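Welcome! Open your viewer, get ready to select residues by number, and let us walk through the model together.

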Amino acid sequence: MHGEYKVPGGKLVVVDLEERDGRIAEFRLAGDFFLEPDEALGAINAAVDGLPVETDAAAIAAAVRAALPEGAQLLGFTPEAVGTAVRRALVTAPGWRDFDWEIVHEHPVSPRMNLALDEVLTTRVGDGRRRPTLRIWEWNESAVVIGSFQSLRNEVDPQGALTHGFDVVRRISGGGAMMMAANSIVTYSLYVPASLVAGLTFADSYAFLDDWVLQALRSLGIEATYQPLNDIASPQGKIGGAAQKRLANGGVLHHATLSYDMDGQVMTEVLRIGREKLSDKGTVSAAKRVDPLRRQTGLTREAIIERFIETFAKLYGAVPGTISDEEYAEAEALVTSKFATDAWLNRVP
């Protein structure tokens, strides 16, 4: 059995093992990480060898940590990363390059249509009717997109949204509200089969699915990191956040919104951002939490998107794709029946 796990912002961890009588055997760890002293590698192999195959990632990590020689240094990976790679090997989880990927970047559509496309394309990937896909959003009006479980009245100031021309819509994934001013953010969606994240905890899957964008941001000179559970950040502040929805048919939606430019004053007038929410962020204003890509890079939004597409294609062999007329029609019907209805928007008043 073979398993791989790319540590977000770190190195590749590779494991090979066999199963004998319900236990891990012939365990071997490899990768492009750094490890001192040399004998620590043998200690890790010995710690995992013989563990029951049902041992979870946390228990594997604990066994590895307990076996490390005093003063051992693990650079670019952790005992937890070893545990994750082992679990992925035991469930025979495929890697990114085991799939044929498409990248879709098409004409602008309404915020509601973008949300409907997310549901349609995730469903089709889960059903096997579409290849795994990265889609870059384009939209033709400003909107506040609230999470599936957020209270509408608690998150949005209706007068502020009206004054500044923001529609208000609700997505199918959880997480917090995003203020999506036209041409001021970069949003992308990944539609993947559940097998890609097999063996990962729900929390770990966030960083795993966004590691490619960290690499793209670093190629632009941004010291991007992932901050649990779902924030993409730099030393200067938060860049964006991600959210997920897992469908019963095995389709996984993972989407993220990154700030390209923003008006902090408008943000505070459109969103109801209370002091309680900000208290654990160590800041006194919502605007100071965010550091947009335009300020950090000086590049146009189009240039940043181009780098994102180039990076994803290079890493995973993705090719340009399209959304079919049938998929657009299905999404339009879903806008009418769901995303444009008051019942959906007010499902959590």
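**First stop: a residue and its partners**

Select Glu 119 and show what surrounds it: leaving aside neighbours within four places in sequence, Glu 119 is in contact (heavy atoms within 4.5 Å) with Ile 172, Leu 247, Leu 334, Lys 338 and Phe 339. Residues are numbered from 1 along each chain as its sequence is written. You are looking at a predicted model, where local features need pLDDT of at least 70 and side-chain atom pairs count only at pLDDT 80 or more, while totals for chains, interfaces and linings use all residues; side-chain values use heavy atoms, with hydrogens and water left out.

Now colour helix H4, residues 111–127, and you will find Glu 119 in it. Helices (H or I, at least four residues) and strands (E, at least two) are DSSP runs, numbered from the N terminus. Is Glu 119 buried or exposed? Glu 119 is buried, because its relative accessible area is 18% and buried means under 20%, exposed over 50%, and partly exposed in between (1.4 Å probe, protein chains only).

Next, select Gly 128, in the loop between H4 and strand S7 (133–136). Gly 128 is exposed, with a relative accessible area of 61%.

**Zoom out**

Show the whole protein chain as a cartoon. How many helices and strands are there in the protein chain? The chain has 14 helices and 16 strands. Its radius of gyration is 22 Å, close to the 20 Å that the globule rule gives for 349 residues, so the chain is as compact as a globular protein of that length. That radius is taken over C-alpha atoms, and the rule is 2.2 Å times the number of residues to the power 0.38. Along its principal axes, the C-alpha trace spans about 65 × 45 × 40 Å. Buried residues make up 52% of the 349 residues. Among contacts between residues at least 6 apart in sequence, 72% join residues at least 24 apart.

**Helix H1 and its surroundings**

Select helix H1 (39–48). Its buried residues are Ala 40, Ala 43, Ile 44, Asn 45, Ala 47 and Val 48. What do the buried residues of H1 pack against? They pack against S3, S4, helix H2 (57–67) and helix H3 (79–90). After H1 comes Gly 50, with a positive phi near 95°.

Step back to Pro 37, in the loop between strand S4 (34–36) and H1. The peptide bond from Glu 36 to Pro 37 is cis, with omega near -10°.

**Another cis bond**

Jump to Leu 229, in the loop between strand S12 (225–227) and strand S13 (231–234). The peptide bond from Pro 228 to Leu 229 is cis, with omega near 0°.

**Last stop: positive phi values**

Select Asp 21, in the loop between strand S2 (12–20) and strand S3 (23–31). Phi of Asp 21 is near 55°, a positive value in a residue other than glycine. Asp 21 counts as exposed, at 84% relative accessibility.

Then move to Glu 26, which lies in strand S3. Glu 26 also has a positive phi, about 55°, although it is not a glycine. At 37% relative accessibility, Glu 26 counts as partly exposed.
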